[in-house]
Amino acid sequence: IDECREAGIRAIMITGDHAGTALSVAVRTGIADEHSGVMTGEELDTISDASLAEHIEEYSVFARVTPAHKVKIVKALQKRGHITAMTGDGVNDAPALARADIGCSMGITGTDVAKSASDMILTDDNFATIVSAVREGRSIFANIRKSVQFLLSSNIGEILAVFAGLIFGWASPLTATQLLWVNLVTDSLPAIALGLDPPEKDIMEKPPRSANKSIFADGLWGSIIFEGLMIGALALLAFSIGVNVFSSLAAGQTMAFAVLSVSELVHAFNMRSEKSVIRAGIFKNMYLVGAFLLGAALEAAVIMIPALNSVFNVVPLTPLQWLITAVLSVMPLVIVELQKTVTEFFTKIS
């Protein structure tokens with residue numbers, strides 16, 4: 001119950017027991033306090049739907065109710081814009097389970113009718129399992145959002161690098177084979193690893209997300225565009241250095257290819273948390289660490305092994321070129337960490 005409250009989830013007791021008994025149990029479990037009101041089935045019979053919706057948030061305990069009253073309560077909560085989850089086990093609970101946004105039936109004591117009408121079956125009949133399901137659901141949604149943000153920002157960076165070369169009349173910074181490699185290896189491995197990211201510690205301390213909110217809400221599009229421009233700019237800078245400083249188109253393309261690939265691998269760590277990933281822990285997701293090491297090793301092999309670099313139209317880099325490439329590749333972590341720090345600072349003072 002406490003974890004529900006921290007997560008912005010309100011627990012309501014609906015029972016057929018006496019009002020005094022219901023309130024006593026509700027107080028002991030933290031659902032209500034001693035001064036809370038209890039609405040009985042008799043009152044539910046006399047109150048209109050509109051009036052119930054108006055006062056529904058004043059009550060956390062409903063006693064002496066019938067299955068029909070459960071449906072009335074669910075409708076009132078939904079009318080106030082709440083997403084409702086209703087638990088039940090009997091045949092008469094089926095209408096309320098079906099009406100609720102998420103019907104949760106009991107797997108042990110529940111009837112087949114209740115199970116059929118529900119969206120989720122609790123195999124252990126334990127309320128705490130619902131809370132665990134909420135935590136898992138929030139984690140899954142967060143990981144999907146991380147993967148989408150990573151993939152879109154990375155692809156925007158790739159598009160920018162190629163498009164800018166065409167606009168300014170340069171030779172193409174990247175070849176088709178190199179772009180295909182980036183999409184198949186550099187993008188896919190971290191995206192899969194982000195899907196397996198462990199939940200953040202405070203995931204159950206955040207308020208519920210509105211059902212009407214897009215996955216791109218809360219400034220995600222802005223972050224994607226900023227990060228895409230950053231990755232693309234770093235790849236173009238590497239290309240420019242290779243062409244203008246080292247006077248080699250092949251070196252420029254190789255450096256752009258390496259920076260684009262490795263910077264995306266580094267950037268994947270930025271996706272782990274909206275806060276500082278250094279504080280969140282870079283090594284908390286070993287799948288992501290493995291994806292980074294494997295991706296970096298494959299990228300190095302493509303550039304350094306003669307049989308492979310001819311296929312990808314790259315050339316071996318000198319130690320100085322590798323150093324420049326490495327510095328540019330870690331810049332996404334540095335830049336995004338600075339951006340998160342500045343955002344967090346202004347959020348606190350506001």
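Predicted model: local features only at pLDDT ≥ 70, side-chain atom pairs only at ≥ 80, totals over all residues.

Student: Which residue stands opposite Ile121 in β6?

Tutor: Ser105 does.

Student: How many strands are in the sheet, and in what order?

Tutor: The sheet has 3 strands, ordered β4-β5-β6. The sheet is open, and its pairing is parallel.

Student: Which strands stand at the edges?

Tutor: β4 (85–88) and β6 (120–122). Each has a single partner strand, so one side of each is left without a neighbour in the sheet.

Student: What does the twist average from one strand to the next?

Tutor: The average is 25°.

Student: Remind me, what do strands of a sheet pair through?

Tutor: Backbone hydrogen bonds, in either a parallel or an antiparallel arrangement.

Student: OK, helices. Which one lies across β4, β5 and β6?

Tutor: Helix α8, residues 127–167. α8 runs at about 135° to β6.

Student: At what angle do α8 and α11 pack?

Tutor: About 155°. Helix α11 covers residues 249–270, and the two axes are 11 Å apart.

Student: Why call α8 and α11 roughly antiparallel?

Tutor: Because angles over 145 degrees count as roughly antiparallel. The pair packs at about 155°, and that makes α8 roughly antiparallel to α11.

Student: Is the crossing of α8 and α11 left-handed or right-handed?

Tutor: α8 passes α11 in a right-handed crossing.

Student: Which residues meet there?

Tutor: From α8, Phe150, Ser153, Ser154, Gly157 and Glu158. From α11, Leu260, Glu264, His267 and Ala268. By class, this contact of α8 with α11 has 3 nonpolar, 4 polar and 2 charged residues.

Student: Now α10. How do α8 and α10 cross?

Tutor: At roughly 40°, with the axes coming within 7 Å. Helix α10 is residues 220–244.

Student: And what does that make them to each other?

Tutor: Oblique. The crossing of α8 past α10 is right-handed.

Student: How many nonpolar, polar and charged residues are in the contact of α8 with α10?

Tutor: The contact has 14 nonpolar, 7 polar and 2 charged residues.

Student: What does Asn270 touch?

Tutor: Leaving aside residues up to four places away in sequence, Asn270 touches Pro332, Leu333, Val336 and Lys340.

Student: Where is Asp218?

Tutor: In the loop between α9 (176–194) and α10. Asp218 is exposed, with a relative accessible area of 61%.

Student: And where is the place of Ser247?

Tutor: In the loop between α10 and α11. Ser247 counts as exposed too, at 62% relative accessibility.

Methods
Residues numbered from 1 in each chain as written. Heavy atoms only, no water. Pairing = 2+ DSSP bridges. Helix = DSSP H or I, 4+ residues; strand = E, 2+ residues; numbered from the N terminus. Axes fitted to C-alpha atoms, helices over the stretch in contact; angles between N-to-C directions. Contact = heavy atoms within 4.5 Å. Parallel < 35°, antiparallel > 145°, perpendicular 65-115°, else oblique. Left-handed = near helix turned anticlockwise from the far one by under 90°. Nonpolar A, V, L, I, M, F, W, Y, C, P; charged D, E, K, R; others polar. Buried < 20%, exposed > 50% of the residue type's maximum accessible area, 1.4 Å probe, protein only.
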